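I open this notebook to record what I looked up in the structure below. The entries follow the order in which I took up each topic.

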Amino acid sequence: MTGIVGADAVPADLLDAFLAYEAAVVANDLDALDAAFAPGEGSLRGDGAGLLVGHDAISAFRHTRTPVSARVIERVEHRELGPDVALLVSVSRYAQGGTGLQTQVWQRLEGRWLITAAHVTPRATALDRRVWRTVGDPLYQGAWTGPLAGLTVAVKDLFALQGYRIGAGNPTYLDHARRETSTAPAVSDLLRGGASLRGIARTDEFAYSVAGDNAHYGTPPNGAVPGALPGGSSSGPASAVATGQAEVGLATDTAGSVRVPASYQGLWGLRTTHGLVPRQGMLPLAQSFDTVGWLTRDGETLQRVADWCLSYDGSQSTERVYGESGDDLPWHLVVPAEVLDVVEPATRSAFEALLAALADHPDAPQVTTASVGPLQDYLDPFRTVQGVEAWRNHGQWLREHPGAVDGAVAARFRAAATLTADDEAAARRALAPLAARLHGLVADGTLLLPTVPGPAPMRTRDATALDAVRAATLRMTTPAAVAGLPALSVPLLTVPSRLGPAPVGVSLVARSGTDIALVRLGRRLARLAADVTPAPGGTPA
């Protein structure tokens with residue numbers, strides 16, 4: 001009667017419930033979908049992006065996803081698991097080609113069939129355009145031997161690759177860009193070390209964001225928390241690494257664009273010392289703060305990359321290799337007091353619990369607290385200098401292409417266009433003593449702080465709430481940028497969120513040029529944390 005193979009073997013009332021659910025999926029009827037899942041904390045839903053536990057988490061995720069493409073159910077298999085409990089496995093065929101699989105456990109509760117567990121296997125996707133602009137297997141082959149052999153790299157769409165155009169996260173910019181005649185040194189170093197390029201990965205428009213959303217291509221998935229923002233502006237490389245599509249993300253960090261997505265997706269992320277890795281062939285946002293960085297799933301891989309790209313033997317691009325990079329940093333960690341006053345309560349609790357656990361270990365570091373001054377004092381002049389330089393770099397193009405940039409980024413550029421030379425001069429005067437203060441604090445210790453205020457926000461958060469998250473995040477990430485210091489985010493904390501347990505990074509900020517030693521210090525801290533706390537999962541040192 002339904003035309004679905006196997007439907008005749010399904011009890012009539014269960015088949016009706018199943019077909020009603022499927023109709024709601026295709027129609028994206030969120031209320032009906034919520035009603036189809038059993039209430040409470042016992043319901044489960046999983047797919048390739050992860051597992052959701054509890055009705056509320058499933059509902060929150062569903063409100064963030066895009067509607068399902070048109071499809072029909074062509075086969076269903078029914079197995080009775082017990083009284084009023086049944087397993088349904090169905091095959092769906094999409095109008096645009098391909099098939100998918102749904103596995104569901106249904107239970108009759110108070111006279112209604114409801115889903116208590118579901119697993120979705122979507123149709124195969126040749127290219128996730130939210131993550132990748134261009135991808136290959138590989139796109140560029142690196143040296144066949146070397147310390148990075150076997151690693152694949154996702155390159156943020158700000159770096160020059162010979163024969164390709166820089167797109168900067170904006171289709172109009174991509175259309176008007178010229179093909180590059182050479183490859184950026186930061187890319188070439190990885191290739192010479194034996195890594196291969198998997199592809200060019202998405203970025204927030206002109207890297208002027210820390211959220212990770214992109215109105216033109218879609219928002220890359222968060223590989224750790226389904227339904228959450230991925231973090232930006234290095235959203236594409238971070239998602240590629242977190243979802244296992246690449247081992248290394250080559251990225252940039254101006255105000256936190258490596259550290260924020262690393263924290264949101266449970267990755268290791270290094271912002272290198274400002275000026276240590278040359279930026280030739282890298283599209284700028286604000287040269288006073290722009291720097292190169294890398295994202296990886298574990299500390300060992302990040303150490304391989306840093307050792308090669310920042311050592312005398314490995315790098316042709318490093319302008320200056322500081323001797324201190326080979327030395328171990330003091331086992332002295334300094335917690336900025338002001339940061340703990342702005343983080344979310346769950347993050348502060350998790351961070352303080354980590355410090356307490358570390359203190360009981362025989363290899364415990366010395367931990368002290370110090371003042372860095374009001375965080376807003378860093379953010380305000382930083383924003384001014386960043387805005388002035390961003391407009392200087394891109395203002396003419398924006399005037400020539402009105403309406404080409406999405407709302408939030410466009411608003412930042414409009415604000416930047418109003419800044420004056422006097423504003424810039426005053427801001428630079430304000431930044432100088434702040435940078436000196438930071439340099440003094442890391443002279444004989446390493447700053448230790450949560451990377452961001454809390455877990456990745458849900459993609460459905462309203463604009464006002466996201467602006468508040470952005471401002472709080474930048475208060476925490478800009479001090480290292482102001483001082484040009486290397487900063488490493490390590491996935492050491494797990495906090496609750498509406499979408500389930502979520503990672504939050506812990507940042508280490510050290511003196512200039514100690515990048516290699518900083519990664520070693522982060523790995524030491526991660527090993528110590530693993531000894532005293534439950535393993536964060538997927539974050540070996």
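Predicted model: local features only at pLDDT ≥ 70, side-chain atom pairs only at ≥ 80, totals over all residues.

Entry 1: In what order do the six strands of the open sheet run? I found the order 2-1-6-5-4-3, with mixed pairing. I then looked up the edges: strand 2 (50–53) and strand 3 (71–82) each pair on one side only. On average, neighbouring strands of this sheet are turned by 20 degrees against each other, direction ignored.

Strand 1 (residues 44–47) and strand 6 (residues 112–121) run parallel and are joined by three bridges. Within this pair, Gly46 stands opposite His119 of strand 6. I also recorded that helix 1 packs on the sheet, where it touches strand 3, strand 4 (85–94), strand 5 (99–109) and strand 6. The direction of helix 1 makes about 130 degrees with that of strand 5.

**Entry 2: the nonpolar cores.** Which residues touch the most other members of the largest nonpolar core? I listed Trp106, Phe159, Val187, Leu190, Leu250, Trp294 and Leu448, out of 145 residues in that core. Helix 15 (residues 515–532) supplies the largest share of this core, nine residues. I noted a second, separate core of eight residues, among them Val241, Ala242, Ala262 and Leu267. As a general matter, nonpolar side chains in soluble globular proteins tend to be buried together.

I then examined Leu250 by itself. Leaving aside its neighbours within four places in sequence, I found Leu250 in contact with residues including Val153, Val155, Phe159, Val187, Leu190, Pro237, Val292 and Trp294.

**Entry 3: backbone exceptions.** Another joins Gly232 and Ser233, with omega of about 5 degrees. Ser233 is found in the loop between strand 9 (196–201) and helix 6 (235–242).

I also looked up positive phi values. Asn28 is not a glycine, yet its phi is positive, about 55 degrees. Asn28 sits in the loop between helix 1 (12–27) and helix 2 (30–36). Ala207, also not a glycine, has a positive phi of about 60 degrees and lies in the loop between strand 9 and helix 6.

Note on methods: Residues numbered from 1 in each chain as written. Heavy atoms only, no water. Core = buried A, V, L, I, M, F, W, Y, C linked by side-chain atoms within 4.5 Å. Buried < 20%, exposed > 50% of the residue type's maximum accessible area, 1.4 Å probe, protein only. Helix = DSSP H or I, 4+ residues; strand = E, 2+ residues; numbered from the N terminus. Contact = heavy atoms within 4.5 Å. Pairing = 2+ DSSP bridges. Axes fitted to C-alpha atoms, helices over the stretch in contact; angles between N-to-C directions.
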